[in-house]
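Please consider the structure shown below and follow the path of its chain. The explanation begins with a pair of strands and then turns to the whole protein.

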Amino acid sequence: MWSTRSSGLVVLQASLLILRFAATTSAIGVNYGTIANNLPKPAEVANFLKTKTTIDAIKLFDANPEILRAFANTNISVTVSVGNGDIPALVQLPAAKNWVAANIVPFYPSTKIIRVVVGNEIMQSANKDWIYNLVPAMKSINNALIEAGIKDIKISTPNTLGFLGVSEPPSAGKFREGYDKDIIAPMLEFLRETKSAFMINPYPYFNYADSISDYILFKPNKGVYDPNTRITYSNMFDAQIDAVYSAMRALGYSDVPIVVAETGWPSAGDPRESSATVDNAASFNWNLIQKVNSGKGTPLMPNKQFETYIFALFNENQKPGATSERNFGLFKQDFTPTQPQPQPTDKKFCVPIPNTNPQSLQGNLDWVCSQGIDCAPIQPGGSCFEPNTLWSHAQYAMNAYYALKGRRDDNDCHFKQTALLTTNNPSKLTSKYF
């Protein structure tokens with residue numbers, strides 16, 4: 001997200017803006033991956049984050065000593081990781097004590113280590129030696145920290161949403177049978193006892209489809225209805241987190257907090273990865289930050305702010321797999337931005353509330369067009385006739401009325417409580433009428 005001179009300055013300022021906005025409430029951090037041969041030195045990274053941004057939390061995928069030394073005295077919170085392959089051995093307390101002595105004690109508390117995560121996405125590894133030793137290893141590392149006199153570093157482990165046997169609708173979320181009571185329940189019990197958090201890696205990106213792109217990218221959309229709770233979800237991120245919460249609640253652990261260990265969007269991909277674009281990455285990450293920092297939580301967990309780590313700090317040119325895997329970074333190796341962020345705007349748009357019934361939409365459309373508003377653009381052959389849907393035409397009419405009134409206040413976007421105001425421009429490429 002960063003630039004060097006002249007024309008790049010605007011991009012730099014926009015990028016600085018997003019990170020300052022992100023860190024005002026200490027809710028947004030970044031994953032600092034290092035599978036690359038062209039990254040800046042850790043000391044440069046630490047200085048950059050401290051002096052050019054207000055990012056105050058990073059998550060590592062190892063316990064790299066050079067990075068831990070570089071972040072000493074920066075007051076930036078650091079999460080370190082235990083390698084997947086180390087898990088079986090660390091079940092034994094002597095091995096855990098040796099790990100803590102080598103990877104934590106020399107750096108703490110000068111480096112603000114707040115968490116040790118044991119492994120990464122172990123439940124998806126299919127390695128039973130890792131899976132069934134995971135919770136014992138977590139307990140062993142915790143005991144080793146305590147014996148070393150360190151009591152304020154928490155233990156957890158990041159999980160993909162693949163551990164869900166049921167994820168839709170969100171209220172029906174359940175963990176996969178076999179792992180739910182044998183692995184997940186003991187893990188949640190440990191997290192409850194140690195006042196730690198359950199860590200998840202939700203990636204709406206991997207569920208992308210053109211038909212639900214607005215839903216995935218936090219843009220205005222009709223939403224997805226949960227018939228059990230009668231809640232209409234306006235974005236997939238909320239739905240995924242609530243599905244996990246429902247699964248936790250089903251096991252009796254709804255009180256354990258949730259941390260989003262990874263989420264993000266790639267700015268480039270292979271030809272088949274058509275959604276991996278700069279615009280989509282900027283849209284997802286910017287809207288994610290606004291969503292998290294709003295403190296509104298999710299429908300099933302209102303008024304909560306989830307500690308969230310964007311993946312990733314840098315593009316990593318040596319990661320295997322599809323092109324997208326190497327392009328999740330917010331920054332290139334020279335600290336220039338990969339995805340210029342949109343500037344905040346005070347301009348608002350009037351759109352229908354998700355799941356508004358067709359009768360109300362038609363009523364709003366008919367009423368607006370009877371008030372002298374020019375509705376010719378949404379008539380056959382008009383510039384905004386496509387997409388030819390009641391929703392699109394009503395949206396056009398309602399916002400046209402709101403705009404004609406000067407966007408003065410909420411009263412001009414009321415429509416008998418079937419409308420809401422948004423700063424996201426809902427225009428389509430074929431209908432730039434806003």
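**Strand 2 and its neighbours**

Strand 1 (residues 28–32) pairs with strand 2 in the parallel sense over three bridges; two strands count as paired if DSSP finds at least two bridges between them. Strands here are DSSP runs (E, at least two residues), helices are runs of H or I with at least four residues, and both are numbered from the N terminus. Within this pair, Tyr32 has Leu60 of strand 2 as its bridge partner.

This is a predicted model, in which local features need pLDDT of at least 70 and side-chain atom pairs count only at pLDDT 80 or more, while totals for chains, interfaces and linings use all residues. Residues are numbered from 1 along each chain as its sequence is written, and side-chain values use heavy atoms, with hydrogens and water left out.

Strand 2 also pairs with strand 3 (residues 77–82), again in the parallel sense and over three bridges. Here Ile58 stands opposite Val78 in strand 3. Between strand 2 and strand 3 the chain passes through helix 3 (residues 65–70), and this β-α-β crossover is right-handed: with the strands pointing away from the viewer, the path from the first strand over the helix to the second runs clockwise.

Which residues cover the two faces of strand 2 (residues 57–60) as buried positions? Ala57 and Lys59 lie on one side, Ile58 and Leu60 on the other, and all are buried (under 20% relative accessible area, with a 1.4 Å probe and protein chains only).

**The whole protein**

The protein has eleven helices and 15 strands. Of its 434 residues, 52% count as buried.

Technical notes:
Buried < 20%, exposed > 50% of the residue type's maximum accessible area, 1.4 Å probe, protein only.
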